[in-house]
Amino acid sequence: MILVGVDAGSTKTKALAYDCDGNYLGEGLSGPGNPHDVGFTQAKRNVVEAINNATKGSFPDYVAIGFAGMDTAEDEMTFREYFKDVGKHVITVHDSVIALFSETFGEKGIVVISGTGSVVVAYDGKSFRRVGGRGWLLSDEGSAYWVAVNVLRWMQRVFDGLAEGDRLFDFLRERLRVNTHDDLVKWAYENQCKKDKVASITAIVSEAADLGVVRAKEFLIEGAEVLASRAAFLVERTGIRIVVLKGSMFRSKVYLDKFRETLARVGANAFPGDNPPEVGGLYLAARASGCNEVVDKLKGRSTTDKGQP
């Protein structure tokens, strides 16, 4: 029996395959798997390609897919129907679920994902509760995209004379090749539909923060505080103190330190997860299939003991 866990993200799709005896079969990588970004047809092609790469072309028995962009009840039904034939038995969930279960393997916990977008999800052992994760227009607070938009708007104010430029302003102008106000406007609107391109500004800000640029640190700290407040809300509502951190924003020491400091105030221990999200998908596939050898092997990778007092 072949089991596959899939992380269908906005930038890439990754798959991990095992057999029911706990033997590793392979991994697969392909393009974006979020249907809202690339359309259902292309997303399905990418998911199938990643699965085939992982299984070496064998048709899988159980597949569990975590999707970016599965934000509404309608999405849940549509995604489930459209992807039901990529394996004999297919489970479709929000990507936050596999991100959490890649570390907790079905135990209680909270996951915070902060990359291009952001979301906070708590699991109490029975049900899930989500804060945010509804896309850039409605949420994604503290994410790379959110920080980048704040930075671009600040640059706009500087060009208008409403704010003062500084080392960060000069650093960004050089890296983005924005010499004039018109250059900024052109850059922003040429890339307005490219979430990853806009979000990439935050990596430049993080680089500046590592060089000691004060305003760069301020932008990152603001992002960490606003997202950590969402996580703190779920900590207090659920009583769960284990918080797993996932996503590129937590590579920034400034961001990570402020995030953990904020959550410590409500008695939570936040720690970066070690396992890729597709491991959580594999866990769901193994649990559904009754392949306990795989479940036990995956639980041996658990990092939730970091969250214990």
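Mentor: Two strands pair if DSSP finds at least two bridges between them. We shall apply this rule to the model above, which is a predicted one.

Trainee: Why are strand β2 and β3 said to pair?

Mentor: Strand β2 (residues 13-19) and β3 share six bridges. The rule asks for at least two, so β2 and β3 count as paired. Their sense is antiparallel, and Thr13 stands opposite Ser30 in β3.

Trainee: What lies between β2 and β3?

Mentor: Four residues lie between them, and the two strands form a hairpin. In the turn, Gly22 has a positive phi of about 90°.

Trainee: What makes β3 and β5 edge strands?

Mentor: Consider the order of the open sheet, which is β3-β2-β1-β4-β5, with mixed pairing. β3 (24-30) and β5 (89-94) each have a single partner strand, so one side of each has no neighbour in the sheet. From one strand to the next, the twist averages 15°.

Trainee: Which order do the strands have in the sheet that contains β6?

Mentor: This open sheet of five strands runs β8-β7-β6-β9-β10, and its pairing is mixed. β8 (128-132) and β10 (269-272) are the edge strands, since each pairs on one side only. Neighbouring strands are turned by 20° against each other on average, direction ignored. Helix α4 (residues 95-104) packs on this sheet and touches β6, β7, β8 and β9 (242-246). The direction of α4 makes about 125° with that of β6.

Trainee: Why do strand β6 and strand β7 count as a pair?

Mentor: Strand β6 (residues 109-114) and strand β7 (residues 118-123) are linked by six bridges in the antiparallel sense. Since at least two are required, β6 and β7 pair. Val112 stands opposite Val120 in β7.

Trainee: Let us turn to the helices. Why are α5 and α7 called roughly antiparallel?

Mentor: The axes of helix α5 (residues 144-160) and helix α7 (residues 181-190) cross at roughly 155° and come within 10 Å. Angles over 145 degrees count as roughly antiparallel. The value for α5 and α7 therefore places them in that class. Their crossing is left-handed.

Trainee: Which residues make this contact of α5 and α7?

Mentor: α5 contributes Leu152, Met155, Gln156, Phe159 and Asp160, while α7 contributes His181, Leu184 and Trp187. By class, five of these residues are nonpolar, two are polar and one is charged.

Trainee: What makes α5 roughly perpendicular to α6?

Mentor: α5 and helix α6 (residues 167-176) pack at an angle of about 105°, and their axes are 11 Å apart. The range from 65 to 115 degrees is the one called roughly perpendicular. The angle falls inside this range, so α5 is roughly perpendicular to α6. Val151, Trp154, Met155, Val158 and Phe159 of α5 meet Leu168, Phe169, Leu172 and Arg173 of α6. Eight residues of this contact are nonpolar, none is polar and one is charged.

Trainee: Why is the link between the side chains of Lys44 and Asp85 called a polar contact?

Mentor: The distance between the two side chains is 2.8 Å. Lys44 itself is placed in helix α2 (residues 40-55). Leaving aside residues up to four places away in sequence, Lys44 touches Tyr82, Phe83, Asp85 and Val86.

Note on methods:
Residues numbered from 1 in each chain as written. Predicted model: local features only at pLDDT ≥ 70, side-chain atom pairs only at ≥ 80, totals over all residues. Heavy atoms only, no water. Axes fitted to C-alpha atoms, helices over the stretch in contact; angles between N-to-C directions. Parallel < 35°, antiparallel > 145°, perpendicular 65-115°, else oblique. Left-handed = near helix turned anticlockwise from the far one by under 90°. Contact = heavy atoms within 4.5 Å. Nonpolar A, V, L, I, M, F, W, Y, C, P; charged D, E, K, R; others polar. Polar contact = N/O pair within 3.5 Å; in protein donor to acceptor, adjacent residues only side chain to side chain.
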